[in-house]
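Trainee: I would like to learn how to read the features of a model like this one. Please take them one at a time, with the general idea and then the case.

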Amino acid sequence: MSAARARDAIKDELRSRGKTTCDFASMSRAEQQAMLRDVMEREQHFGTAAARRDAEGMAVVDMGRVGGKSYRRNVEKVFGKDMAPLVHDGMRRMLGHRSGTLYEDIYAYDLDSGKRIGGTTNQRITYGANMTGELKDGMKRARDAGHRIAIAHNHPGSSMP
């Protein structure tokens with residue numbers, strides 16, 4: 001990657017995070033390295049900023065469809081009548097949050113208590129979702145109590161969570 005292309009990719013990444021190039025210097029070394037790693041990964045995957053924008057354009061979610069009756073029925077088929085409203089709300093939230101991006105959110109649900117265990121909504125890895133320690137701990141507590149767990153996350157430009 002040329003130096004000019006690297007500068008452009010870094011500027012794009014900073015802009016996507018709501019920052020300017022001046023903010024880069026004030027970031028910790030670990031934050032800078034993580035951001036540079038993300039930029040390099042995306043550049044290797046997409047090749048150009050234009051290719052990335054094209055991929056992001058294909059990741060726009062039809063929120064009318066997500067809010068529709070047939071989508072709700074599908075959620076109900078998978079999660080049951082009792083859990084469907086909570087899970088559907090989470091799906092609408094994650095898909096609305098990530099529409100037009102290449103990032104993913106993840107939520108975990110305790111099917112026996114009828115509650116959302118937690119979620120991770122600040123991922124900055126393209127096409128990936130990692131669970132936080134807090135989410136893993138909540139899931140472990142539910143499992144230790146003998147409860148069933150369901151995990152939902154979005155796939156940019158793809159299928160139902």
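Mentor: Start with accessibility: Asp89 has a relative accessible area of 26% and is therefore partly exposed. The classes are buried under 20%, exposed over 50%, and partly exposed in between, using a 1.4 Å probe and protein chains only. This is a predicted model, in which local features need pLDDT of at least 70 and side-chain atom pairs count only at pLDDT 80 or more, while totals for chains, interfaces and linings use all residues. Residues are numbered from 1 along each chain as its sequence is written, and side-chain values use heavy atoms, with hydrogens and water left out.

Trainee: With which residue does Arg93 form a salt bridge?

Mentor: A salt bridge puts a side-chain nitrogen of Lys or Arg within 4 Å of a carboxyl oxygen of Asp or Glu. The partner of Arg93 is Asp89, and their closest N and O atoms are 2.8 Å apart. Both belong to helix H7 and are four residues apart, so about one helical turn separates them. Helices (H or I, at least four residues) and strands (E, at least two) are DSSP runs numbered from the N terminus. Arg93 is partly exposed, at a relative accessible area of 40%.

Trainee: How many salt bridges does the structure hold?

Mentor: Seven salt bridges are present. One of them joins Glu76 and Lys81 through their side chains, at 3.6 Å from N to O. Glu76 is partly exposed at 31% relative accessibility, whereas Lys81, with a relative accessible area of 64%, is exposed. Another links Lys140 to Asp144, with 2.8 Å between the closest N and O atoms. These two residues are also set four residues apart, about one turn, in helix H8 (residues 133-144).

Trainee: Over which ring does the charged end of Arg116 sit?

Mentor: The test asks for NZ of Lys or CZ of Arg within 6 Å of the ring centre and within 35 degrees of the ring normal. Arg116 has its charged end over the ring of Tyr107, 5.1 Å from the centre of that ring.

Trainee: How is a pair of aromatic rings described?

Mentor: By the distance of the centres and the angle of the planes. Rings of Phe, Tyr and Trp (its six-membered ring) pair if their centres lie within 6.5 Å; planes under 30 degrees apart are stacked, over 60 edge-to-face, and the rest tilted. Searching the whole structure gives one aromatic pair. Its members are Phe79 and Tyr109, edge-to-face, with 6.4 Å centre to centre and 65 degrees between the planes. Phe79 is part of helix H6 (residues 69-79) and Tyr109 of strand E1 (residues 106-110), so the pair ties together parts 30 residues apart in sequence.

Trainee: Are Phe79 and Tyr109 buried or exposed?

Mentor: Both are buried. A nonpolar core is a set of buried Ala, Val, Leu, Ile, Met, Phe, Trp, Tyr and Cys residues joined through side-chain atoms within 4.5 Å. The largest one here has 14 residues, and Phe79 and Tyr109 are among those with the most contacts inside it, along with Tyr71, Val75, Val87 and Met91. At least two residues of this core come from each of H6, H7 (84-98), E1 and E3. H7 gives the largest share, five residues.

Trainee: How many bridges join E1 to E3?

Mentor: Two strands pair if DSSP finds at least two bridges between them. E1 and E3 are joined by five and run antiparallel. Ala108 has Ile151 as its bridge partner in E3. E1 and E2 make a hairpin with four residues between them, and Gly114 in the turn has a positive phi of about 75 degrees.

Trainee: Where is Asn154 found?

Mentor: Asn154 is in the segment after E3. Its relative accessibility is 3%, so Asn154 counts as buried. The side chain of Asn154 reaches the backbone nitrogen of Asp105 at 2.6 Å, and a polar atom of this side chain lies 3.2 Å from the backbone oxygen of Tyr103.

Notes: A polar contact is a pair of N or O atoms within 3.5 Å; within protein, one must be able to donate a hydrogen and the other to accept it, and residues adjacent in sequence count only if both atoms are side-chain atoms.
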